[in-house]
Every structure is written in structure tokens, then in C-alpha cells.
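Visitor: Hi, I've got a model open here and could use a hand finding my way around. Can we go through it together?

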Amino acid sequence: MKSKVARLEAIVDQFVAADKYVYVSPLWNFTIPPVMKDYTDATSIPGKTFRYTENGPEGLLTSKNVLHIQASGSVYSEGPLAPLEMGYSYLNKVLQFYGIQSIEAIFVEGTALKSQEQAQAIKEKAIAHAKEVAKRF
């Protein structure tokens with residue numbers, strides 16, 4: 001048990017020490033993959049990423065930057081399927097809980113609805129967007 005606790009402490013310490021975070025995930029059953037959920041659980045540690053105050057919880061990672069790249073076959077960031085999107089929205093809420101306000105997203109979506117050429121164009125547009133984000137990230 002001590003080795004597991006030590007490993008979890010090492011994970012959260014590494015997370016806290018970073019200045020920037022890049023998450024890349026598919027939209028997995030409308031949310032994030034289980035391993036990513038495990039990671040957010042491992043980094044949600046009072047006294048490390050947030051603290052409790054008499055006014056409620058307070059995030060401790062206020063100077064961090066995040067980029068989340070999310071891929072999906074359909075379009076979930078807007079339109080009729082938007083209420084089903086819980087990947088970016090979940091991660092966004094967790095990171096805001098940690099005090100992180102600088103969160104940018106790149107959605108690579110709709111590729112399953114298009115022809116192979118159109119899907120490639122969607123990917124190329126996302127890559128160009130990522131290059132622009134990288135300049136200021």
C-alpha cells in the first residue's frame with residue numbers, strides 16, 4: 001500500500017511541477033478514456049491541486065496553461081449533439097477546479113461523416129490550428 005501511495009504522490013507532484021499541460025484524447029462514449037479519468041482522479045489531491053477554505057474549494061494551479069485536443073467521428077462541440085459532449089467539458093471543469101483558467105481546445109471532429117478527402121482536410125485544418133496555438137502556448 002505504501003508503494004501505491006508513493007506512486008500517486010509522485011504523479012501529482014509531477015503534475016503540479018509542470019507549467020503546461022497537453023491532453024490528447026478521443027471522445028470516448030461521450031467522455032474521456034478511462035485512463036484519462038484515472039489520471040484526473042490521481043491529480044485531484046487536496047493541498048496539491050486545490051484546497052478547502054471557509055468559502056469553499058480553491059484551485060492552487062492558477063498560473064498553468066492547458067491545451068486539449070479531442071477527436072470524434074461526429075461533431076459534438078456544437079450543434080444538436082453538443083449536449084452529449086462530456087469529454088472536453090469534464091476536463092475543463094476539473095482543470096478550472098484546480099484553478100487553471102487558460103484552457104484551449106482543438107476539436108478534430110466530423111471525420112466519420114465525410115469522405116476520405118474531406119476527413120483529411122479536417123485533420124489538416126486541426127494541424128494548422130495546433131501550430132498556431134503552439135506559437136503562443
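Visitor: Which residues does Phe-15 touch, not counting residues up to four places away in sequence?
Guide: Keep in mind that this is a predicted model. In it, Phe-15 touches Tyr-21, Tyr-23, Tyr-39, Thr-43, Thr-49, Leu-61, Leu-95 and Tyr-98.

Visitor: And which residues in the largest nonpolar core touch the most other members?
Guide: Phe-15 is one of them, along with Tyr-21, Tyr-23, Val-66, Leu-95, Tyr-98 and Ile-100. That core has 15 residues.

Visitor: Which elements each supply at least two residues of this core?
Guide: Strand S1 (20-26), helix H3 (87-97) and strand S5 (102-109). The largest share comes from H3, with 4 residues.

Visitor: What does the second, separate core include?
Guide: Among its 6 residues are Leu-67, Val-108, Ile-122 and Ala-126.

Visitor: OK, on to helices. At what angle do H1 and H2 pack?
Guide: About 90°, with the axes 8 Å apart. Here H1 is residues 2-17 and H2 is residues 34-43. The two are therefore roughly perpendicular to each other.

Visitor: Which residues meet there?
Guide: From H1 you have Leu-8, Ile-11, Val-12 and Phe-15, and from H2 Tyr-39, Ala-42 and Thr-43. By class, that contact has 6 nonpolar residues, 1 polar and no charged ones.

Visitor: Switching to charges: how many salt bridges does the count come to?
Guide: The count is 5. One of them joins the side chains of Lys-48 and Asp-13, at 2.6 Å from N to O. This pair links distant parts of the chain, 35 residues apart: Lys-48 sits in the loop between H2 and strand S2 (50-53), and Asp-13 in helix H1.

Visitor: Is Lys-48 buried, partly exposed or exposed?
Guide: Lys-48 counts as partly exposed, at 28% relative accessibility. Asp-13 is partly exposed too, at 33%.

Visitor: What does Asp-41 form a salt bridge with?
Guide: Its partner is Lys-37, and the closest N and O atoms are 2.7 Å apart. Both are in helix H2, and because they are 4 residues apart, about one helical turn separates them.

Visitor: Which residue does Glu-132 meet in a salt bridge?
Guide: That's Lys-135, at 3.1 Å from N to O. Glu-132 is partly exposed, with a relative accessible area of 42%, while Lys-135 is exposed, at 67%.

Methods: Residues numbered from 1 in each chain as written. Predicted model: local features only at pLDDT ≥ 70, side-chain atom pairs only at ≥ 80, totals over all residues. Heavy atoms only, no water. Axes fitted to C-alpha atoms, helices over the stretch in contact; angles between N-to-C directions. Parallel < 35°, antiparallel > 145°, perpendicular 65-115°, else oblique. Contact = heavy atoms within 4.5 Å. Nonpolar A, V, L, I, M, F, W, Y, C, P; charged D, E, K, R; others polar. Core = buried A, V, L, I, M, F, W, Y, C linked by side-chain atoms within 4.5 Å. Buried < 20%, exposed > 50% of the residue type's maximum accessible area, 1.4 Å probe, protein only. Salt bridge = Lys/Arg side-chain N within 4 Å of Asp/Glu carboxyl O.
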